[in-house]
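Q: Please take a close look at one part of this model. I would like the side-chain pairing first, then the element around it, then the chain as a whole.

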Amino acid sequence: MQRESNGVVKSASCRSSVVAATTIAPEDGLPTVVCSSCRDQLESCHRFRRVAHRTQKSLQSYLSYTAALAGSEEVSPERMN
């Protein structure tokens with residue numbers, strides 16, 4: 001993990017904003033250290049999010065492929081929800 005000049009772990013900051021929709025900034029007054037338990041949970045959530053996005057793309061691709069084979073229109077992402 002890379003550290004920014006202020007000591008905050010950059011990847012934890014990025015992952016936090018992606019996973020929990022939070023913003024970490026040097027001037028926010030919050031601690032600059034993340035405990036190992038929180039870091040592990042953040043990593044686990046980030047991994048899950050990546051897998052979920054990859055799976056969704058694969059499923060959309062597969063559904064488009066099967067629709068094309070059947071001669072129908074592509075399945076829109078809205079219909080998948």
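A: Start with a pair. Glu 43 and Arg 47 form a salt bridge, with their closest N and O atoms 3.5 Å apart. The term salt bridge here requires a side-chain nitrogen of Lys or Arg within 4 Å of a carboxyl oxygen of Asp or Glu. Both Glu 43 and Arg 47 lie in helix 2, four residues apart, which is about one turn of the helix. Helices are DSSP runs of H or I with at least four residues, strands are runs of E with at least two, and numbering goes from the N terminus. An α-helix has 3.6 residues a turn, so residues three or four places apart point the same way. Side chains of opposite charge can pair when their charged atoms come close.

A word on the source. This is a predicted model, in which local features need pLDDT of at least 70 and side-chain atom pairs count only at pLDDT 80 or more, while totals for chains, interfaces and linings use all residues. Residues are numbered from 1 along each chain as its sequence is written, and side-chain values use heavy atoms, with hydrogens and water left out.

Glu 43 is partly exposed, at 22% relative accessible area. Arg 47 is partly exposed as well, at 41%. The classes are buried under 20% relative accessible area, exposed over 50%, and partly exposed in between (1.4 Å probe, protein chains only).

The count comes to two salt bridges. Arg 39 and Asp 40 make another, at 3.6 Å from N to O.

Next, helix 2 itself. It covers residues 36-70, 35 residues in total. The expected span is 1.5 Å times one less than the number of residues. That gives 51 Å, and the end C-alpha atoms are 51 Å apart, so the two values agree. Leu 42, His 46, Ser 64 and Ala 67 are buried in this helix. Leu 69 is also in helix 2. Leu 69 is exposed, with 60% relative accessible area. After the helix comes Gly 71, whose phi is positive, near 80°.

Leu 69 also belongs to a surface patch. Leu 59, Tyr 62, Tyr 65 and Leu 69 form this nonpolar patch, with about 470 Å² of accessible area together. Patch members need over 30% relative accessible area and no salt bridge; nonpolar side chains (Val, Leu, Ile, Met, Phe, Trp, Tyr) are joined within 5 Å, like charges within 9 Å. Areas come from the Shrake-Rupley method with a 1.4 Å probe, and for residues only the protein chains shown count as cover.

Then the cysteines. The count of disulfides is zero. A disulfide needs a pair of cysteine sulfur atoms within 2.5 Å. The sulfur of Cys 35 has its closest cysteine sulfur in Cys 38, at 3.3 Å, so the distance is too far for a bond. Cys 35 is partly exposed, at 42% relative accessible area. Cys 38 counts as partly exposed, at 42%.

Last, the whole chain. The protein chain has three helices and zero strands, in the pattern α-α-α along the sequence. Of its 81 residues, 14% are buried. The accessible surface comes to about 6400 Å², with 55% belonging to carbon and sulfur atoms. Among contacts with a separation of 6 or more, 36% join residues 24 or more positions apart. A contact means heavy atoms within 4.5 Å.
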